[in-house]
Amino acid sequence: MDAPPENHFRSRPGAIRAWENVLHWLFRGATYLVLLCGGLVFGQIVWRGAQTVFTTRAPFVNVAFFTEAPESLHVFEYQGQKQELGDRAFNAFKVAHPDAKDVKDESYVYSAGGIFPCIVGTVLLVAGSMAIALFLGVSSAIYLNEYAHDSALVRFIRLAILNLAGVPSIVFGLFGFGMFVIFFGWNVSLIAGWFTLAFMVLPVVITASEESLKAVPKGFREGSLALGATKWQTIRQNVLPYALPGILTSSILGIARVAGETAPIMFTAAYVVRDKLPWEGLTKASDFFFQGVMALPYHIYVVSSKIPQNEYTARVQYGTAFVFLLLVALIASASIVLRSRLRNRYKW
Amino acid sequence: MPAAISPTMERPSAQPTAPALAVSAAGTAASAAARTIIDIDHVDFFYGPSQALHDVSLKLDEKKVTAFIGPSGCGKSTLLRCLNRMNDLIDGTRVAKGSIKIRGVDIHGPQVDVIELRKRVGMVFQKSNPFPKSIYDNITYGLRLQGVKDKSRLDAVVEKSLRGAALWDEVKDRLHTSGLGLSGGQQQRLCIARAIAVEPDIILMDEPCSALDPISTSKVEELIHELKKQFTIVIVTHNMQQAARCSDQTAFFYLGRLVEFADTRTIFMNPANPQTEAYVSGRFG
Ligand SMILES: Nc1ncnc2c1ncn2[C@@H]1O[C@H](COP(=O)(O)OP(=O)(O)OP(=O)(O)O)[C@@H](O)[C@H]1O
Ligand SMILES: [Mg+2]
């Protein structure tokens, strides 16, 4: 047998190779750490939230949690048995058992009932701010990208938009409070919250819309204009439809994010507690806009920091957080479905 | 194109586009009688500070094909895009001196609406740009913008335009499928059909065949012959044979100036200017 040929390609260990390995593992480790953190966050919320949201008996979902308003929880001992009842159930219980009239109960606020008003409030806040932000954002993106000529003013506007994106949410909250609640006299209301949230998400919407508009080939515009279309006809028929999937997806995701912020609605739209639902007790239609609402993020904040903590409040916190995650995921997936629908309709 | 000059003029007779030369010759004979439709008068054009056209003067005849030739960057597209004011879309452009009149009207005049101008002066782009809509919607785009809703009229225009663009037989069974599903050559003819659907006066074509294969190219060239019965056509091309085959008159540009403008036959056979001679014979450019 011949001697094997000399191998010129044998690896030569050395500092460079070692460094290569170290870096490889560093990058890999960092990535896994991110995954781990994400997993822990989701895992904890889902695990602990699921205990509130789901039940072991049919229908396996805690319907009351989704459909009822928050109540105080009464915990007491009756005939040697520990009872946990919400306000209404507790009153009914006392009527049914006259001898229980003066049991010693401990009550915990917000720990019974559900979070229906918070869900309603958050949905209303998201919908309204989305409408305002999309209208203002898409309009100004169209202006900046399609109408405006490059000028010092336009460059300044773009800079301002970039800066707006960096403003902390609490500052938006204070701005909304000063501007809408006090100056415009709208009080703590849906409409004040809408505008505050809308302004906050505006930079995202404008930037996303501009990107999407830029992605529409120049040929579509030139071809249309060369056929004698006006600028608006061109935009309406031949630019906007093709930019829409991008605009909507990024904007909706941006709004879903902003909807989770507590700071901007804290002073402008959110009530700690409100027994009326937004459509109840309106004397005139405009009242609808000028009422405060309960909201999921604010409810979590209140339950976790404004009242004494115990096992019962923890249930509500995690249950609410879980529902909130669910809602955001729902919005996000809706936007993805919408995008793929629109993409199929307007692809090029 | 080495030694392009003689084959250029001889080959067409052996090609399917043989009528080219015959029509050219006929056009030449009649050109004295033809009416001027576009009158470009001492035009200076600027992109911001840089001047792209220097003192260009040209008179183009009605229902003739005029070719703009010249090396890259000499201002052919710029001049073409002046004719339907497409350059207005670019910030900082201006016609600093001179005027462009179409049918006697200064197109930069205060009484001129650029939208109306572009309805009369259609354009086909170098890069074919069908809209991502159905073939039918592509063709009816211009008319619908003008408010035409009558289905039977739109149907008729679609058929007429597609026939006019020699595309009808290839697409008549798929009018409602996307225009992007067509081949490159078909797409360019679709763009031509779209342009003629609004029945303009003048059609501007900026290198309409530069992305097409020889067969599609010859189809478009045949089409140009058909179209000039109805329309005045201005075509930019880098292809000398194409200019020779399909145009009646040719303008040669160099560095933003008009060097020579004459009947196509004269430009290719007997140019007055040595630069023109050098360019059409492929010695530079
Ligand atoms: N948008 C623009 N901004 C600034 N300068 C431009 C612009 N478009 C063209 N130019 C300049 O104007 C001159 C003429 O350009 P033009 O596009 O008219 O040339 P062309 O003859 O069409 O060339 P080609 O054959 O390569 O298409 C060139 O020097 C070019 O750099
Ligand atoms: Mg060009």
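Colleague: What is the relative accessible area of Glu84(A)?
Modeller: Glu84(A) counts as partly exposed, a class between buried (under 20% relative accessible area) and exposed (over 50%), with a 1.4 Å probe and protein chains only. This is a predicted model, where local features need pLDDT of at least 70, side-chain atom pairs count only at pLDDT 80 or more, and totals for chains, interfaces and linings use all residues; side-chain values use heavy atoms, leaving out hydrogens and water. Residues are numbered from 1 along each chain as its sequence is written, while chains are lettered from A and ligands numbered from 1 in the order in which they are written. For Glu84(A) the value is 36%.

Colleague: How many residues apart are Glu84(A) and its salt-bridge partner Arg315(A)?
Modeller: Their side chains meet at 3.2 Å, N to O, and a salt bridge needs a Lys or Arg side-chain nitrogen within 4 Å of an Asp or Glu carboxyl oxygen. Glu84(A) sits in strand E2 and Arg315(A) in helix H12 of chain A; helices (H or I, at least four residues) and strands (E, at least two) are DSSP runs, numbered from the N terminus. The two are distant in the chain, by 231 residues.

Colleague: Which are the edge strands of the sheet in chain A?
Modeller: The open sheet has 3 strands in the order E2-E1-E3, with antiparallel pairing; two strands pair if DSSP finds at least two bridges between them. Strand E1 (residues 70-78) is joined to E3(A) by 6 bridges. Pairing on one side only are strands E2 (81-86) and E3 (105-113).

Colleague: How are Glu146(A) and Arg221(A) placed, buried or exposed?
Modeller: This salt bridge spans 2.8 Å, N to O. It links helix H4 (residues 116-147), which holds Glu146(A), to helix H8 (residues 218-226), which holds Arg221(A). Both residues are buried.

Colleague: Why does the salt bridge of Arg158(A) and Glu210(A) tie together separate parts of the sequence?
Modeller: The closest N and O atoms of this pair are 2.6 Å apart. Arg158(A) lies in helix H5 (residues 152-165) and Glu210(A) in helix H7 (residues 190-215), so the parts tied together are separated in sequence by 52 residues.
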